[in-house]
Amino acid sequence: MCVPQTFEVLGRIPRREFLKLATTSAAAMAISGAGLLTSATPAQARTITYTNIADLTHVLNSAFPRYNPDLFKAFERTNLVTIQKNGFYANNWSLPEHIGTHMDAPQHFVLGRWMLHQIPIRSLIAPAVVIHIHERAAANPDAQVTVDDLKAWENRYGRIPEGAAVLMHSGWESRVGDQNAYRNPDSKGVMHFPGFHPEAAEFLIKERDIVGIGVDTLSLDYGPSSDFKTHITVLGANKWGLENLANLAKIPPNGATIFVGALKVQNASGGPLRVIAVW
Ligand SMILES: [Zn+2]
């Protein structure tokens with residue numbers, strides 16, 4: 001068999017992927033034309049075809065809610081030049097890393113793990129698993145994704161695929177235009193919004209093979225958390241987290257692929273990004 005030998009030669013490519021875009025077959029031909037990928041074992045090739053596309057990203061502007069408004073300043077756009085006056089249009093931005101739809105890089109919570117510029121691109125194209133807890137969250141803002149929720153998904157759709165991004169849909173995005181409603185603090189200032197239960201995070205890290213998790217709220221951990229155990233469990237395993245995702249109700253619970261457009265900013269703990277789902 002020549003396949004294992006090929007693997008040895010290409011030892012830095014553990015799993016080959018063949019990206020076939022339905023709308024641009026030329027791109028696919030260009031990839032196969034390189035000759036490297038055409039000999040990939042069929043079982044390990046991954047084909048992505050799609051007819052639907054959704055943007056899982058919120059618009060970022062100065063009103064976007066922040067987890068800790070004292071620490072994280074608002075996004076600011078300052079105009080530098082205009083077409084009318086200067087012939088071209090450009091602005092300066094000032095922003096914290098954790099604003100808008102953004103990624104938490106593993107080193108956001110755990111020393112020695114990847115920072116934003118170090119995240120392997122292989123993890124940035126992933127099958128999306130959407131866990132719906134919006135009905136529970138409507139009645140209880142402290143609702144969390146549990147191991148039972150993950151197992152219920154698997155009972156219906158099969159085992160969480162290798163390399164998956166597991167995403168919580170709590171319906172919280174309907175509040176995103178109102179910082180107070182989105183943070184939802186009680187009289188003591190403790191926030192109440194949904195997130196992943198630490199046991200669910202541990203299950204995904206220890207029992208499944210994921211690239212990251214995502215939420216449609218301000219934090220991977222639910223609002224009242226003070227130990228950030230879900231963050232530490234997921235990021236500590238060099239998996240990324242996505243926060244403030246949008247439109248998760250518009251994509252199928254199983255079968256979509258997400259493209260996670262993380263920025264390549266040196267030594268960043270995270271940063272805004274564009275997330276696109278296709279299916
Ligand atoms: Zn963050």
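Colleague: How many bridges join strand β4 to strand β10?

Modeller: First, a friendly note: this is a predicted model, in which local features need pLDDT of at least 70, side-chain atom pairs count only at pLDDT 80 or more, and totals for chains, interfaces and linings use all residues. Residues are numbered from 1 along each chain as its sequence is written. Strands (E, at least two residues) and helices (H or I, at least four) are DSSP runs numbered from the N terminus, and two strands pair if DSSP finds at least two bridges between them. Strand β4 covers residues 102–104, strand β10 covers residues 240–243, and they run antiparallel, with the number of bridges being three.

Colleague: Which strands stand at the edges of the open sheet?

Modeller: The sheet has nine strands with mixed pairing, in the order β1-β13-β11-β5-β7-β9-β10-β4-β12. A strand with a single partner has one side left without a neighbour in the sheet, so the edges are held by β1 (53–55) and β12 (270–272).

Colleague: What is the average twist from one strand to the next?

Modeller: Angles here run from 0 to 180 degrees between N-to-C directions, with axes being lines fitted to C-alpha atoms, for helices over the stretch in contact. From one strand to the next, the twist averages 25°.

Colleague: In which sense do β5 and β7 pair, parallel or antiparallel?

Modeller: Strand β5 (residues 125–132) is mostly covered, with six of its eight residues buried; buried means that 20 or more other C-beta atoms, placed from the backbone, lie within 10 Å of the residue's own. With β11 (residues 254–261), β5 runs antiparallel over five bridges, and A126 stands opposite I258 there. With β7 (residues 164–169), where H132 stands opposite H169, the five bridges are in a sense that is parallel.

Colleague: How many residues does the largest nonpolar core have?

Modeller: In soluble globular proteins, nonpolar side chains tend to be buried together. A nonpolar core is a set of buried Ala, Val, Leu, Ile, Met, Phe, Trp, Tyr and Cys residues joined through C-beta atoms within 7 Å. Among the residues with the most contacts inside the largest one are A128, V129 and I258, and its number of residues is 53.

Colleague: Why is α5 called oblique to α7?

Modeller: Two packed helices are described by the angle between their axes and the distance between the axes. Helix α5 (residues 147–157) and helix α7 (residues 198–207) have axes 8 Å apart, at an angle of about 50°. Angles under 35 degrees count as roughly parallel, over 145 as roughly antiparallel, 65 to 115 as roughly perpendicular and the rest as oblique. That angle therefore makes α5, relative to α7, oblique.

Colleague: Which residues of α8 make the contact with α7?

Modeller: The axes of α7 and α8 come within 8 Å and cross at roughly 10°, which means that these helices are roughly parallel. Two residues are in contact if their C-beta atoms, placed from the backbone, lie within 7 Å. From α7 come P198, A201, E202 and I205, and the residues from α8 are K229, T230, T233 and V234.

Note on methods
A residue is buried if 20 or more other C-beta atoms lie within 10 Å of its own, exposed if 12 or fewer, and partly exposed in between; C-beta atoms are placed from the backbone.
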